[in-house]
Amino acid sequence: MATYIQKGETIDIKATADTKAEDVVVLGSKAGVAACSGKEGELIAVAVEGVYKFPKAGVAVSIGEDLYYDAETGKVVKTVAEGKAKVKVGYAVSAASALDTEVAVKLAY
């Protein structure tokens with residue numbers, strides 16, 4: 001049996017570090033976006049649905065491509081280097097050239 005908790009556009013978690021609104025929050029092998037600020041140990045809301053602009057690595061991105069978060073650079077990437085954590089953010093909902101610094105991403109699980 002399952003008991004309804006909430007709609008699910010955001011989820012409530014205890015912050016593992018001081019967090020500002022719009023920070024990327026790693027949730028295991030997935031990522032969301034902080035909907036509010038909070039200190040380590042405080043309950044914060046993290047968006048797991050929606051479309052957000054993310055800084056991206058210097059490669060072209062096509063609509064529909066899966067994108068991953070690189071915690072070292074703070075950017076989304078198309079491929080994850082060997083030995084790095086594969087943290088899926090979602091997929092591109094806009095095309096971006098290699099010269100573009102941002103891309104629109106639909107958070108997806």
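Student: Before we start, what should I know about the model?
Tutor: It's predicted, so local features need pLDDT of at least 70 and side-chain atom pairs count only at pLDDT 80 or more, while totals for chains, interfaces and linings use all residues. Residues are numbered from 1 along each chain as its sequence is written, and side-chain values use heavy atoms, with hydrogens and water left out.

Student: Okay, is strand β4 mostly covered or uncovered?
Tutor: Mostly covered: 4 of the 5 residues in β4 (residues 43-47) are buried. Buried means under 20% relative accessible area, exposed over 50%, partly exposed in between (1.4 Å probe, protein chains only). Strands are DSSP runs of E, at least two residues, numbered from the N terminus.

Student: Which way do β1 and β4 run?
Tutor: Antiparallel, with 5 bridges joining β1 (residues 10-14) to β4; pairing takes at least two DSSP bridges. T10 sits opposite A47 in β4.

Student: And what about β3?
Tutor: β3 (residues 30-34) is also antiparallel to β4, through 2 bridges, and A34 stands opposite V46.

Student: Switching topic: how many salt bridges are there?
Tutor: 4, each meaning a Lys or Arg side-chain nitrogen within 4 Å of an Asp or Glu carboxyl oxygen.

Student: Which residues form a network?
Tutor: D70, E72 and K84. The closest N and O atoms are 3.0 Å apart for K84 and D70, and 3.5 Å for K84 and E72.

Student: Is E72 buried or exposed?
Tutor: Exposed, at 68% relative accessibility, whereas D70 is buried at 13%.
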